[in-house]
Amino acid sequence: MAKLSTYWKIQLTGWTATSLYWGVSAFLGSTFMWTIGIADFVLDVCIGIVLTHFYRNFALKKGWNKLSLKKLIPKIIGSVLVLSLLYMFLIVGKLYLVRLFVLKSTSISFISFLQSTQLQVFITGTRLMSIWVLAYHLYHYSRLEIETVKENARLSVIVKEAQLSNLSAQLNPHFFFNSLNSIKFLVLEDPHSARRAIDLLSELLRNSLNNNIGQLVHLADEINLVRDYLELEKIRFEERLQVKIEVATALSDHLVLPLSIQTLVENAIKHGIEKRKNGGFVAVKIEQESDLVKISVQNSGKLNKEIKDSSGIGLNNLRERLLLQYKGKASFEIKEMQDETVLATILLPST
């Protein structure tokens, strides 16, 4: 047997309690007929549930639960007026028909009965529908706020983890040792390149300490960071590393997640170039594709299980950040190509 949902429990309980209140009030009055009282009770419950359930389905279909309060309030006011009018006609019709069938006769016409009762019933309907509609939307609004708070807290935790992971990567003994070792050999052979390497390493470490990874950055700034990183790695790998970066000029000011492209490039170096005796290439390409911004990082190498445990920000962490930041409108994919290269692609909404 299917379990009754919370929504239907509240509907039945609320409208039953309301109808019982009216029934008790009538019972305590001067005249009361059980047949009319029971018929009124059942029909009152049915009318209340039908009208409000119809509104709920309509609001869900139109997506009103996702609207801001500024846009929602006018719709609520209009809906309450419409629901109140429908309630008035249904209740007055119910009162007239019940008494017509039970008493077998009536001394006044339906129009006269409507005119004498419409104002009181309309006011009652307005009060009831206002309470129901406001309670319904406040419930959904509170749920939306709770989900937003949870999501923001989750994003904040991931951001802190990403920041620590990035700092850890830059201070990784392996990376640090390789960089310093390259600088050591350059000091005597090429002092100018050695100074440049020290500047690059300092800039990368400073970026790790100061970068606010919780905010979006311009694509141009992210690419500059990638260029610095690859230039430093180029000093280490020399001819074993070929680099190519292509960025559509029109996208320079487009906002992206900080260290997102850096993550893919670090991943390409660690799991691709480092593992190949003859090295290989890393190609970064950013272009407009329909209504999306396509970020591609391709490198020599093969895809393996280890690649999922990247020592940088981490591919899983990157996926999570993209999901939270863009609400599911962005995507990330990494796959092995037939020519022994690995292609990582991020698709972002262009607006």
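A residue is taken as buried when its relative accessible area is under 20%. In the predicted model examined here, helix α8 is mostly covered by this criterion, with 13 of its 14 residues buried. The helix comprises residues 260-273 and extends 19 Å from its first C-alpha to its last, close to the 20 Å expected at 1.5 Å a residue.

Salt bridges in the whole structure number 10. One of them joins R276 to E340, with an N to O distance of 3.7 Å. R276 lies in the loop between α8 and β4 (280-289) and E340 in the loop between β6 (331-336) and β7 (341-349), so the pair ties together parts that are 64 residues apart in sequence. Both residues are partly exposed, E340 at a relative accessible area of 40% and R276 at 28%.

A salt bridge is also formed by R236 and E233, whose closest N and O atoms are 3.0 Å apart. These residues are three positions apart in helix α7 (residues 219-237), which places about one helical turn between them. E233 is buried, its relative accessible area being 2%. In the salt bridge between K244 and E246, the closest N and O atoms are 3.5 Å apart; E246 is partly exposed, at 35% relative accessibility. D40, D44 and K94 are linked in a network of salt bridges.

On the surface, a patch of positive charge is made up of K61, K62, K71 and K75. Helices α2 (34-62) and α3 (69-103) are the elements that each contribute two or more residues to this patch. K71 belongs to α3 and is exposed, with a relative accessibility of 55%.

Terms used. Residues are numbered from 1 along each chain as its sequence is written. This is a predicted model: local features need pLDDT of at least 70, side-chain atom pairs count only at pLDDT 80 or more; totals for chains, interfaces and linings use all residues. Side-chain values use heavy atoms; hydrogens and water are left out. Patches are made of residues with over 30% relative accessible area and no salt bridge: like charges are joined within 9 Å, nonpolar side chains (Val, Leu, Ile, Met, Phe, Trp, Tyr) within 5 Å. Accessible areas come from the Shrake-Rupley method with a 1.4 Å probe; for residues, only the protein chains shown count as cover. A salt bridge is a side-chain nitrogen of Lys or Arg within 4 Å of a carboxyl oxygen of Asp or Glu. Lys and Arg count as positive and Asp and Glu as negative; His and the chain ends are not counted. The place of a charge is taken as NZ of Lys, CZ of Arg, CG of Asp or CD of Glu. Helices (H or I, at least four residues) and strands (E, at least two) are DSSP runs, numbered from the N terminus. Buried means under 20% relative accessible area, exposed over 50%, partly exposed in between (1.4 Å probe, protein chains only). The expected span of a helix is 1.5 Å times one less than its number of residues.
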